[in-house]
Amino acid sequence: MNSLTQKMAGLQLNFSPLKEPLGFIKVLEWFFSIFSFATCGGYSGKTSVRLYCNKTENFTIKASFGYPFRLNNVKFEDLKDFCGGPPKEWHLSGDFSSSAEFYVTIAALAFLYCIGALVLYLGFRHLYQHPSKLPLIDFIITVIFAFMWLVSSSAWAKGLTDIKIATNPEHIASHQCLPKFQCFPESESRMGSLNISVAFGFLNLILWAGNAWFAYKETNLHTPPQPDNPEQGPPPSSM
């Protein structure tokens, strides 16, 4: 019995599952989850506005922002005393950390789960195929991740739209200009990587939703296990 248990639990490296949709899509999910949290969590940018006083004195102020996008904690830099002096602290507006952190958390958890699933597929495929609850657990987790990608990507897309408005120099100049000053928009960092992060989020949604079908096919819900010794029918009666 002990030898049988050791044989069942031992590592049996086999790369053939990578040729199957279940394993191949898992590799894609692992790859795109990296890009998802890297493009969002690694972003940093700047926005700038020029202040005018009496149409003679002018000064450009800048604010640097990035993940997790708590813009209400971001101060404009290099404030100087001129024309009566602006306040010592001038902040951007809005806190969009909840949607950004939720999105990055889902991406990180998906990355870790993909690693664990690939280890199971490639090293312990005999346990995965053996009648057990592992395929069903894998299917349930895959469905949960597909739903979480939908929710987090949608929330992050909305958050990104609000971030673009809050950091737009034209919006700042027209809605947040300090009293006694005239504000004019200047430059703003591009947000191409953040747009890509949203695209990767919905791409992950498609991958995980599609992979749910292949995970479902591995479960007993799709193919009920056959009995080891099916009955051949009642024994012939003796006369």
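Analyst: The mean pLDDT of the chain is 83, and 81% of its residues reach 70 or more. pLDDT is the predictor's confidence in each residue, from 0 to 100. This is a predicted model, so local features need pLDDT of at least 70 and side-chain atom pairs count only at pLDDT 80 or more, while totals for chains, interfaces and linings use all residues. Residues are numbered from 1 along each chain as its sequence is written, and side-chain values use heavy atoms, with hydrogens and water left out.

User: Where does pLDDT stay under 50?

Analyst: Over residues 1–8. For that stretch the model has 5 contacts beyond four places in sequence. Contact means heavy atoms within 4.5 Å.

User: OK, the fold. How many helices and strands?

Analyst: 7 helices and 4 strands. From the N terminus the order is α-α-β-β-β-α-α-α-α-β-α. Helices (H or I, at least four residues) and strands (E, at least two) are DSSP runs, numbered from the N terminus.

User: What share of the chain is buried?

Analyst: 37% of the 239 residues. Buried means under 20% relative accessible area, exposed over 50%, partly exposed in between (1.4 Å probe, protein chains only). As for contacts with a separation of 6 or more, 73% of them join residues 24 or more positions apart.

User: Now helix packing. What angle do helix 5 and helix 7 make?

Analyst: About 160°, with the axes 8 Å apart. Helix 5 covers residues 134–167 and helix 7 covers residues 192–217. Axes are lines fitted to C-alpha atoms, for helices over the stretch in contact, and angles run from 0 to 180 degrees between N-to-C directions.

User: Which orientation class is that for helix 5 and helix 7?

Analyst: Roughly antiparallel. Angles under 35 degrees count as roughly parallel, over 145 as roughly antiparallel, 65 to 115 as roughly perpendicular and the rest as oblique. By class, the contact of helix 5 with helix 7 has 19 nonpolar, 8 polar and 2 charged residues. Ala, Val, Leu, Ile, Met, Phe, Trp, Tyr, Cys and Pro count as nonpolar, Asp, Glu, Lys and Arg as charged, and the others, Gly among them, as polar.

User: And how do helix 3 and helix 7 cross?

Analyst: At roughly 45°, with the axes coming within 12 Å. Helix 3 is residues 97–123. That pair is therefore oblique. Helix 3 contributes Tyr103, Ala110, Tyr113 and Cys114, and helix 7 contributes Ser197, Val198, Phe200, Gly201 and Trp208. The class count there is 7 nonpolar, 2 polar and no charged residues.

User: Let's zoom in on Thr142. Buried or exposed?

Analyst: Buried, at 0% relative accessibility. Thr142 is in helix 5. Not counting residues up to four places away in sequence, Thr142 touches Lys26, Trp208, Asn211, Ala212 and Ala215.

User: Last one, Leu22. Where is it found?

Analyst: In helix 2, residues 21–41. Leu22 counts as buried at 4% relative accessibility. Beyond four places in sequence, its contacts include Tyr121, Asp138, Phe214 and Glu218. Leu22 and Glu218 lie 196 residues apart along the chain, with 9.2 Å between their C-alpha atoms.
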